[in-house]
Amino acid sequence: MAKEKPGTLQIKSFADHHVITQPNPLRKVLLRVPESDLDDPVGRAEKALAGLSGEFKNWMTIEADRLSAAHAVVLRDGFTIDNREELFRAAHDIKGDAATFGFPSAGAAAESLCRIIEHAPDLDLVPAELITHHINAIQAIVRERTKLDTAVMASKLSKQLRGVADEFLLKVNRDRPEHLEAILAPSIVPAE
Amino acid sequence: MYRIDFNKLRFLICDDNPHMRRILRTLLHSFGAREVYEAEDGATALEMYSHYVPDIVITDWAMPIFDGLELAQMIRQPESKGNPYAPIIMLTGHSEKRRVTVARDAGVTEFLAKPISAKGLYQRILNVVASPRPFIKTKTYFGPDRRRNTNNAYIGPERRVGGEMEVMQQPSLLDKARSNI
């Protein structure tokens with residue numbers, strides 16, 4: 001498909017902008033099929049994803065350990081630019097992946113940690129326990145998932161952490177309206 | 001009813017997380033795609049973009065070396081030798097409204113907030129295949145038309161000078177990002 005030449009561009013010019021259209025180069029991959037067509041690519045993909053689920057716990061453990069390793073480096077060397085980035089990326093990956101892997105509360109705790117890293121004016125002034133509690137919570141949620149009562153407890157734990165983190169962030173950003181707006185803005189992803 | 005013939009599409013996926021790449025690859029292969037190329041950072045993705053000329057790019061935002069936002073900006077160079085018009089789907093853990101706006105202003109075509117779902121990904125691909133938007137070029141922007149709605153209640157100056165253009169009726173990127181998550 002990609003080897004085909006792009007169609008001719010049509011350009012309409014205005015005083016301060018151009019509007020460029022081209023024949024849809026991907027139109028050929030759109031097939032008209034009868035209503036009776038039984039092909040279900042989404043269902044097929046969901047099944048394939050379910051087929052991977054046996055690996056999710058292991059993947060989540062790897063992600064949580066990466067976060068703990070990044071945190072250990074911060075504890076040893078402080079918040080350098082690289083250390084901050086690695087801690088943020090490790091937390092951010094958990095935030096994005098954990099729900100897919102079946103650990104939504106770990107994702108919520110990781111999101112709370114991401115907000116601290118992103119919005120604290122000076123990470124060296126963030127109470128060390130606040131960050132440590134987030135990391136310990138994520139590890140605990142991942143390790144204890146198989147226990148019966150942990151889903152409710154994990155959700156409660158991540159909500160409490162988020163509450164404490166938000167209280168801290170609102171306090172330290174009271175003179176930084178841009179950050180306050182971002183902290184208070186609702187997420188586009190519905191809460192669990 | 002329409003269906004996408006995925007085996008004719010070439011994808012480039014860019015994510016530094018190997019687990020997410022595996023999930024994406026699994027989903028795309030299950031849809032029927034055969035050609036799926038993978039990069040683990042923006043710089044490698046840009047090289048692969050020039051080499052493999054993918055039909056659709058799916059990229060993460062937060063990555064080392066240069067990130068998905070910079071990748072989108074590098075692809076959306078109107079004078080570049082490569083194809084600056086390829087649809088870019090940003091698949092990211094960022095879930096704030098302002099991020100959607102920043103991605104849009106970098107030339108991203110569709111925004112999909114993690115956690116990923118087969119349905120959400122399929123719908124974004126269907127959107128870029130079935131409903132491509134015209135491109136707008138100004139002094140400061142080159143990318144898909146950012147105006148998806150005609151807002152009859154808008155009061156204020158027309159920011160595009162020199163005539164009123166037709167705007168395709170589509171839900172906003174933010175509304176689409178919010179849906180089907």
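Q: How many helices and strands are there in chain B?
A: This is a predicted model. The elements of chain B, read from the N terminus, run β-β-α-β-α-β-α-β-α-β-α-β-β-α. The count for chain B is six helices and eight strands.

Q: What percentage of the residues of chain B count as buried?
A: A residue is buried if 20 or more other C-beta atoms lie within 10 Å of its own. Chain B has 181 residues. The buried share of chain B is 46%.

Q: Among contacts in chain B between residues at least 6 apart in sequence, what percentage join residues at least 24 apart?
A: Two residues are in contact if their C-beta atoms lie within 7 Å. The contacts considered here join residues of chain B at least 6 apart in sequence. Those that join residues at least 24 apart make up 60%.

Q: Which residue stands opposite B:Cys14?
A: Strand β2 (residues 10-14) of chain B runs parallel to strand β3 (residues 35-39) of chain B, and five bridges join them. The residue opposite B:Cys14 lies in β3(B). That residue is B:Ala39.

Q: Which helix makes a β-α-β unit with β2(B) and β3(B)?
A: β2(B) and β3(B) run parallel. The β-α-β unit they make with this helix is right-handed. The helix is α1 (residues 18-31) of chain B.

Q: Why does A:His92 count as buried?
A: A:His92 is found in helix α3 (residues 81-97) of chain A. Being buried takes 20 or more C-beta neighbours within 10 Å. A:His92 counts as buried because its C-beta neighbours inside 10 Å number 25.

Q: Which feature does UniProt place at A:His92?
A: Leaving aside residues up to four places away in sequence, A:His92 touches A:Cys114, B:Ala62 and B:Gly93. The feature comes from an unreviewed UniProt entry.

Q: How far does helix α5 of chain A reach from its first C-alpha to its last?
A: Helix α5 (residues 128-143) of chain A has 16 residues. At 1.5 Å a residue, 22 Å is expected. The reach is close to that, at 23 Å.

Q: What arc do the buried residues of α5(A) cover around the axis?
A: The buried residues of α5(A) are A:Ile131, A:His134, A:Ile135, A:Ala137, A:Ile138, A:Ile141 and A:Val142. They lie on the same side of α5(A), because the arc they cover around the axis is only 155°.

Q: Which exposed residues does the face of α5(A) turned away from its buried side carry?
A: What covers the buried residues of α5(A) includes α2, α3, α4 and α6 of chain A. The face turned away from the buried side carries exposed residues. These are A:Ala128, A:Glu129 and A:Thr132.

How values were computed
Residues numbered from 1 in each chain as written. Chains lettered and ligands numbered in written order. Predicted model: local features only at pLDDT ≥ 70, side-chain atom pairs only at ≥ 80, totals over all residues. UniProt positions renumbered as here; feature names shortened; annotations may be inferred. Helix = DSSP H or I, 4+ residues; strand = E, 2+ residues; numbered from the N terminus. Buried ≥ 20, exposed ≤ 12 C-beta atoms within 10 Å, placed from the backbone. Pairing = 2+ DSSP bridges. Right-handed = clockwise from strand over helix to strand, strands pointing away. Expected span 1.5 Å × (residues − 1). Arc of directions from axis to C-beta.
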